[in-house]
Amino acid sequence: MLSLKGVRHRYGAQEVLRIERFEAAQGEKWLVLGPSGSGKSTLLHLIAGLLEPSEGTVEAARPVGIVPQKLHLISSLTVAQNLLLAQYLAGVKQDPARAAQVLASVGLAERAAARPRELSHGQAQRAAVARAVMNRPRLLVADEPTSNLDDAHCAAALDLLETQAAECGATLVVATHDARARPRFEKRLELGA
Amino acid sequence: MNLPQISFAYLRAKPLATALNLLLLALGIATIAVLMLATRQLEERMTRDARGIDLVAGAKGSPMQLVLSAVFHLDAPTGNIALADARELAKNRAVKRAIPLALGDSYRGFRIVGTNHDYPAHYGARLADGSLWAKPMDAVFGSEAARATRLKVGDQFAAAHGVGASMGDDHDALPYRVTGILAPTGSVIDRVVLTSVESVWLVHEHVEPGDEPAKVLAAMHEEQKELTALLIQYASPLAAALLPRQVNAGPLQAASPAYESARLFRMLGVGIEVLRAFGFVLVLTAGLSVFIALTNALEERRYDLAVMRMLGASRGKLMALLVVEGLALAAAGAVLGLVLGHLLTEVLGAALRAQQQVPVTGWAWAVEELWLVALALAVGVVAALLPAWRASRAEVAPVLAEG
């Protein structure tokens with residue numbers, strides 16, 4: 001479940017986001033569309049609890065899994081350690097079997113011991129998704145997951161997010177300015193510049 | 001995963017920087033550890049060697065040289081004293097006990113000390129094999145001297161004239177015979193060869209092979225009989241105030257082992273303090289280096305730290321992560337430094353032992369080393385605190401939004 005009421009967010013005097021009302025039911029898939037600077041990332045950070053809104057309320061089911069635009073896997077750790085780190089930092093009991101299962105589900109079972117620099121971009125994106133779903137999130141948010149991808153990889157990335165969100169029963173919120181994602185989502189939130 | 005594992009992963013990811021910081025810290029700790037171990041052992045050894053000897057009487061000259069030669073067997077004697085003067089002093093009421101010493105020869109770098117049975121008794125020496133000397137040219141080896149020369153009871157050897165670098169020709173005509181080997185005492189007596197005073201007189205006479213020692217001794221004039229020093233124990237505390245003045249007023253010189261040892265350490269102390277300060281500077285430099293490394297790492301790791309916050313890490317946990325990193329570096333540097341310090345001390349000790357100097361070993365531990373570990377850990381924590389605090393205050397969203 002996700003609910004935003006009367007949300008305003010400002011950086012200094014500049015308002016970057018204004019949403020009067022937004023609600024998403026558990027398990028729904030939402031696409032947040034908008035050009036650069038429209039507040040998409042700010043919205044995701046508010047949803048994920050990384051930012052407090054300047055005004056209004058944000059209610060989101062926890063835990064939240066986040067796939068950042070630049071993926072940001074920890075380069076000094078292996079892929080499997082990156083997943084276990086998500087459990088450790090969230091205060092969840094570490095479960096290597098769960099990490100193996102999640103990596104298998106994103107097709108990275110053989111790359112568990114690899115370092116992020118040894119992965120292709122596609123593999124790194126799958127590892128970032130795997131990390132985001134490691135703690136069985138109730139809400140999965142992804143920031144520009146298809147940027148710089150060709151059509152085939154764009155479709156694969158969205159497939160992966162949808163599949164993983166469905167497996168967790170999570171609400172999926174994808175923020176992008178990529179119009180190719182539009183047909184796959186019935187529920188859309190359009191943000192202006 | 002846990003904080004130490006994450007910290008180690010970051011340290012492993014920067015092997016050169018980690019190694020340089022470790023080296024810097026280890027060198028500082030090692031420098032201080034070597035000084036600590038060596039000076040402590042030297043002080044302990046000199047205190048043990050001089051225990052129970054209130055005064056040394058010998059030929060006029062440098063009092064420190066007299067003490068170094070007669071008590072610690074480190075320096076050349078100041079000269080010889082007439083037996084008659086020594087006997088007169090020994091009869092003084094202020095003297096409880098006077099142990100005669102006649103020096104001048106050595107065997108393979110180990111000094112031959114002509115004395116009486118009071119000398120080994122003074123150091124609590126026990127025989128490991130054989131018996132003490134009973135007649136001239138009998139010799140008893142200290143444990144270290146016996147081990148190094150590999151002589152055993154019944155063996156014969158010829159003394160060399162002089163000690164250390166000034167060794168001259170062997171006294172081949174009148175060989176010594178080993179009658180006993182002493183058990184280790186941990187004192188100066190381990191590094192000398194003991195014999196009677198008469199033995200030392202004999203080898204300095206023109207003796208032909210086959211001459212009877214007793215007849216040679218009987219033929220010696222009283223003026224030919226000399227000693228090098230007397231090790232004196234006072235009969236009463238009052239003697240400390242009177243006897244040195246009395247001795248110095250006559251043909252002999254009096255020197256206090258306690259005073260001269262303290263003076264020696266005061267003289268060495270300046271150099272030791274300079275080196276110790278250098279060690280502390282190295283440790284502080286290492287702390288600064290750790291601080292710079294962690295501060296630079298903050299910039300490189302801003303995304304990692306933001307991601308960790310995104311994944312649920314509290315500000316405290318991020319702070320702890322950097323502090324653990326500083327601590328891990330400091331702990332590893334301390335351990336490496338102590339190992340290096342003990343190895344260097346052992347190398348120094350081996351060099352001193354090879355010259356029959358005061359033995360120093362790297363296999364001894366000092367309680368003060370725990371303070372060195374504490375110092376290193378404190379430096380690590382202090383160096384990490386500011387970067388850690390900055391890491392904990394960093395905002396997550398702006399960093400992630402940079403994309």
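Tutor: In strand β4 of chain B, B:Gly114 has B:Ala102 standing opposite it. Helices (H or I, at least four residues) and strands (E, at least two) are runs assigned by DSSP, numbered from the N terminus. The model is predicted, so local features need pLDDT of at least 70 and side-chain atom pairs count only at pLDDT 80 or more, while totals for chains, interfaces and linings use all residues. Residues are numbered from 1 along each chain as its sequence is written, and chains are lettered from A and ligands numbered from 1 in the order in which they are written.

Strand β3(B), residues 95–107, runs antiparallel to β4(B) and is joined to it by four bridges; two strands count as paired if DSSP finds at least two bridges between them. Two residues lie between the strands of this hairpin, in which B:Arg108 takes a positive phi near 50°. β4(B) also pairs with strand β10(B), residues 192–196, this time in the parallel sense and over five bridges. There, B:Gly114 has B:Thr195 as its bridge partner. In general, the strands of a sheet pair through backbone hydrogen bonds, and the pairing is either parallel or antiparallel.

Is β4(B) enclosed or open to the outside? Six of the six residues of this strand, 110–115, are buried, so the rest of the structure largely encloses it. A residue is buried if 20 or more other C-beta atoms lie within 10 Å of its own, exposed if 12 or fewer, and partly exposed in between, with C-beta atoms placed from the backbone. B:Phe110, B:Ile112 and B:Gly114 point one way from β4(B), whereas B:Arg111, B:Val113 and B:Thr115 point the other way, and all are buried.

The strand can now be placed within its chain. The domain assignment, which is automatic or from a database, gives chain B a domain 1 (3–45 + 274–402) and a domain 2 (55–255). The C-alpha centres of these two domains of chain B are 51 Å apart.

The next topic is where chain B meets chain A. The contact takes 23 residues from chain A and 20 residues from chain B, two residues being in contact if their C-beta atoms, placed from the backbone, lie within 7 Å. On the side of chain A that touches chain B, the elements giving two or more residues are α1(A) and α2(A), the latter spanning 79–89. The largest share of that side, six residues, comes from α2(A). That side of chain A divides into 13 nonpolar, nine polar and one charged; Ala, Val, Leu, Ile, Met, Phe, Trp, Tyr, Cys and Pro count as nonpolar, Asp, Glu, Lys and Arg as charged, and the others, Gly among them, as polar.

Helix α2(A) is mostly covered, with 11 of its 11 residues buried. Among them are A:Leu83, A:Leu84 and A:Tyr88. The buried residues of α2(A) pack against α3 (96–105) and α4 (121–133) of chain A, together with α11 (302–310) and α12 (315–354) of chain B. After α2(A) comes A:Gly91, whose phi is positive, near 75°.

Chain A also contains an open sheet of three strands in the order β2-β1-β4, with antiparallel pairing. Its edge strands are β2(A), 14–24, and β4(A), 55–60, each of which pairs on one side only. Strand β1(A), residues 2–11, is joined to β4(A) by five bridges, and A:Arg8 stands opposite A:Glu55 in β4(A). Helix α1(A), residues 40–48, packs on the sheet and touches β1, β2 and β4 of chain A, its direction making about 125° with that of β1(A). For such angles, axes are lines fitted to C-alpha atoms, for helices over the stretch in contact, and values run from 0 to 180 degrees between N-to-C directions.

Finally, chain A is divided into domain 1 (1–62 + 138–193) and domain 2 (73–134). The C-alpha centres of these two domains of chain A lie 23 Å apart. Eight residues of domain 1 of chain A are in contact with seven residues of domain 2 of chain A. The largest share of the domain 1 side, six residues, comes from helix α5(A), residues 151–168.
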